[in-house]
Amino acid sequence: MITDEEWMQQAFQLAKKSEGQGEVPVGAIIVYQNEIIGKGWNQPILLHDPTAHAEIIALREAGRKMHNYRLLGSTMYVTLEPCAMCAGAIVQARISRLVYAVEDKKTGACGSVFNIVQTEELNHSVEITKGILERECQTLIKNFFKEKRLKKL
């Protein structure tokens, strides 16, 4: 059985890929029955698409692979807490479990600022595990923004 840390390591590698493309380093994978069914990394700048977040790209790929937009029984691993848009999509996809590395105190919608994925009024609730590979993912994000600020000087 593959551990949460091992799955998150794969999401982390995708985050590094987005960093290499000049995007905010966020990576996501979706796992169903011990198989990756969707992968994504941030690409809104590259694709000129504000919805091209890692989670959305992974959800689209998983839906195509499963021939269904409902991904019951699946787990999403993402290096940064999803925003409101992504959290809404996670609920719509019926993801069973969300594992994220780093809380986003500015735009997080899975417990930090909002908690869309566990709102009682919605028809689906997502189990959350957080803090897996937190230090590594946080360092990647902090260094990315530090370099961005230095380039502006």
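Student: How do the residues lining the largest pocket divide into nonpolar, polar and charged?
Tutor: In this predicted model, the lining of the largest pocket divides into eight nonpolar, four polar and nine charged residues.

Student: And how many residues line that pocket, and which lie nearest its centre?
Tutor: The lining consists of 21 residues, and those lying nearest the centre of the largest pocket are L80, D104, T107, I141 and F145.

Student: What's the volume, and which helix gives the largest share of the lining?
Tutor: The volume of the largest pocket is about 550 Å³, while the largest share of its lining, five residues, is contributed by helix α5, which covers residues 134-152.

Student: Staying with α5, at what angle does it pack with α1?
Tutor: Helix α1, residues 4-20, packs with α5 at an angle of about 5 degrees, and the two axes are 11 Å apart. Angles under 35 degrees count as roughly parallel, and α1 and α5 are therefore described as roughly parallel to each other.

Student: Which residues make that contact?
Tutor: From α1 the contact uses F12, A15, K16 and E19, and from α5 it uses E136, C137, L140 and F144; by class, the residues of this contact are five nonpolar, no polar and three charged.

Student: Switching to the sheet, what's the strand order?
Tutor: It is an open sheet of five strands in the order β2-β1-β3-β4-β5, and the pairing is mixed. The edge strands, each pairing on one side only, are β2 (35-41) and β5 (127-130), and the twist from one strand to the next averages 15 degrees.

Student: Do β1 and β2 pair in the parallel or antiparallel sense?
Tutor: Strand β1, residues 27-32, pairs with β2 in the antiparallel sense over six bridges, and I30 stands opposite G38 in β2.

Student: Which strands does helix α3 lie across?
Tutor: Helix α3, residues 54-66, lies across β1, β2 and β3 (75-80), and it runs at about 145 degrees to β2.

Definitions and conventions: Residues are numbered from 1 along each chain as its sequence is written. This is a predicted model: local features need pLDDT of at least 70, side-chain atom pairs count only at pLDDT 80 or more; totals for chains, interfaces and linings use all residues. Side-chain values use heavy atoms; hydrogens and water are left out. On a 1 Å grid over the protein atoms alone, a cavity is a set of points where a 1.4 Å probe fits but cannot get out, and a pocket is an open set with protein on both sides within 12 Å along at least five of seven lines; lining residues have an atom within 4 Å of a point. Grid points are joined across faces, edges and corners, and a volume is the space filled by probe spheres set on the points. Helices (H or I, at least four residues) and strands (E, at least two) are DSSP runs, numbered from the N terminus. Ala, Val, Leu, Ile, Met, Phe, Trp, Tyr, Cys and Pro count as nonpolar, Asp, Glu, Lys and Arg as charged, and the others, Gly among them, as polar. Axes are lines fitted to C-alpha atoms, for helices over the stretch in contact, and angles run from 0 to 180 degrees between N-to-C directions. Angles under 35 degrees count as roughly parallel, over 145 as roughly antiparallel, 65 to 115 as roughly perpendicular and the rest as oblique. Contact means heavy atoms within 4.5 Å. Two strands pair if DSSP finds at least two bridges between them.
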